[in-house]
Amino acid sequence: MERRGDTCRRLSSVSKLPGSDEPFLQLRGIHKRFGGVHALRGVDLTIRTGEAYHLLGENGCGKSTAIKIISGAYEPSDGEIVLDGRSRRALTPLMAMEAGIETVYQDLSLLPNLTVEENVALGEQLVGGKGRLLRGLDRRRLVETARRALTEVGLDPTPALMRTKVADLPLAIRQRVAIARAIACEARLVIMDEPTTSLTRHEVETLIEVVGRLRAQNVAVLFVTHKLEECYRIGGQAIVFRDGQSVAQAPIDSFSRSRLAELMTGRPIEAQRYRRAAPQPEILFRARGLSAGRHFEDVDITLRRGEILGITGLSDSGRNELSLALAGHLPLTAGELTIAGEKVRIARPADAIALGIGYVPEDRLSEGLFLEKSIYANETPLILDRIAGFLGLLDDRKGRAEARRISAEMQLNTDDIDLPVGALSGGNQQRVLIGRWLSIEPKLLILHGPTVGVDVGSKDTIYRAIQAMSERGIGLIIVSDDLPELLQNCDRIAVMNGGRIVDELRAEGADEDRLYQTMVASERDAAE
Ligand SMILES: Nc1ncnc2c1ncn2[C@@H]1O[C@H](COP(=O)(O)OP(=O)(O)OP(=O)(O)O)[C@@H](O)[C@H]1O
């Protein structure tokens, strides 16, 4: 029976030796229509092994559609795919797999109830043996392959790890297992769909090292991402899409940040510090000695009116729990809170809302939005009492006027407030979620990961909205892993570790490396 490796070697023999100029894969003039939607409108791109690529573009510009065409999930409506020197109209998933194209999706496509060893070995088994059972000599060989692949991604393949169920692993490790599976399949192109969305900066660094190793083994890596800073750190080529067309492909270092943003959006966007205004002198919010069980302890925060405080930290630092507790979603076990000098108590989300504290969760899809409901319904749930008219019936005219005002302030890309939120791009959904709080003009707004998965154009709009709120005197706390985001928007940045605030710096003049060093140093100190 033919093995996966043999298949690969046979296919590779069509192409020239490593280091040749022959591309591994080319899309030429690719179109894709979904009924009336023309998602790809003449896309060209070229992938060579051993190189990293960053597929960049606004939400809805066709990135996912393009990777689905490359992985054989979608058939193009028109155009040509050249794989290993052979021209084809379309690829099937099997053709893509046999050529060594592996995709690590955000859900990682691992089987959660199988062990690490089984997951890694299974990929190889499926491609190579097409469903043979793991037994006898084969099993030993597969385990050996799994071990080698796990070592490649920097994991120690101890028997304990090999036998752990994937469901029991933290996300960052699961991701490396998924990449190990691709390596075990002798991948020549690994596609990663927004791989760093849920990773901390520290975990991102590890992923970047893994990418370096893949490239050294002559594997190509194609990232779909919205995080420009990470692309620059990884290096390689940028492929830019706009409205279903490929508008540029060149080494990423040949583009400035603002040039890339302009190519993606078609409008000039300067890489800039958004923070201009200074906070007002009056203290708006003060927390002293806040603790929540084992999550965080003895946290002090002072926030002036109109001030923007960033909170960051590595995994398990307690920053997420702190933001949840301030919004009443996690009980505080000790500490004192004052708003405008008055002592307050927050035991439930309703207490926080009544005090004028808003909270925008990181996971907008499962925690924040009612996807099947309209923009109008999603923007006005906090003011149902205010838009209630005679006999408590909703005053539709008032409510709609309020929804229109919020949509305009958040610059939604549609005027139709009856559109279901599920039909909007990620960036517009996030604007609806933040905009909801504008209806009650909160005193303090806590934003958790306000631009996760959001494209560069929407980020710009969201940052401007944040600044406008601060200028009206709203205090803001941004909890984020996105260090450029914190540096561009905040007055101060607090670094958390082990449930405590271990450092605080002024955002102006601080650079990203310095902030990162502060985070890492605090982690080292905590470990010692
Ligand atoms: N199966 C489908 N049926 C109909 N329309 C689709 C389908 N898949 C994608 N589209 C549309 O094609 C366009 C491109 O979508 P795609 O998901 O490829 O964009 P994207 O760049 O990956 O966006 P994001 O950054 O939000 O993930 C969008 O207008 C989208 O609504």
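Predicted model: local features only at pLDDT ≥ 70, side-chain atom pairs only at ≥ 80, totals over all residues.
Residues are numbered from 1 along each chain as its sequence is written.

Let me begin with the whole protein. It has 19 helices and 20 strands; these are DSSP runs numbered from the N terminus, with helices being H or I runs of at least four residues and strands being E runs of at least two. Of the 528 residues, 45% are buried, and here a residue is called buried if 20 or more other C-beta atoms lie within 10 Å of its own, exposed if 12 or fewer do, and partly exposed in between, with C-beta atoms placed from the backbone. If we take the contacts between residues at least 6 apart in sequence, 70% of them join residues at least 24 apart, where a contact means that two C-beta atoms, placed from the backbone, lie within 7 Å.

Now to the sheet. It is an open sheet of 6 strands, in the order E6-E7-E8-E3-E9-E10, and its pairing is mixed; two strands count as paired if DSSP finds at least two bridges between them. At the edges we find strand E6, residues 101-104, and strand E10, residues 245-251, each of which pairs on one side only. Neighbouring strands in this sheet are turned against each other by 20° on average, with direction ignored; for such angles, axes are lines fitted to C-alpha atoms, for helices over the stretch in contact, and the angles run from 0 to 180 degrees between N-to-C directions.

Which strand pairs with E3 in the parallel sense over 4 bridges? That is strand E9, residues 237-242, while E3 itself spans residues 52-56, and within this pair leucine 56 has valine 240 of E9 as its bridge partner. E9 is mostly covered, with 5 of its 6 residues buried, and E9 is also joined to E10, by 6 bridges in the antiparallel sense. Aspartate 243 counts as partly exposed because it has 15 C-beta neighbours inside 10 Å.

Since 6 of its 8 residues are buried, H2 is largely enclosed by the rest of the structure; the buried residues are Lys63, Thr65, Ala66, Ile67, Ile69 and Ile70. Just after H2, glycine 72 takes a positive phi of about 85°.

The other helix is H8, which lies across E3, E7 and E8 and runs at about 140° to E8. H8 covers residues 201-216, and its 16 residues reach 23 Å from the first C-alpha to the last, close to the 22 Å expected at 1.5 Å a residue, that expectation being 1.5 Å times one less than the number of residues. Its buried residues are Arg201, Glu203, Leu207, Val210, Val211 and Leu214. In the loop between H8 and E8 lies asparagine 218, which has a positive phi of about 65° although it is not a glycine.

Finally, the ligand. How many residues surround it? There are 13, and the closest are Phe34, Ala39, Asn59, Ser64 and Thr65; a residue counts as near if its C-beta atom, placed from the backbone, lies within 6 Å. Strand E2, residues 37-47, and H2 each supply at least two residues of this shell, and the largest share, 3 residues, comes from H2. Strand E2 also holds valine 43, whose contacts, leaving aside residues up to four places away in sequence, are Leu27, Ile30, Ala66, Gln245 and Ser246.
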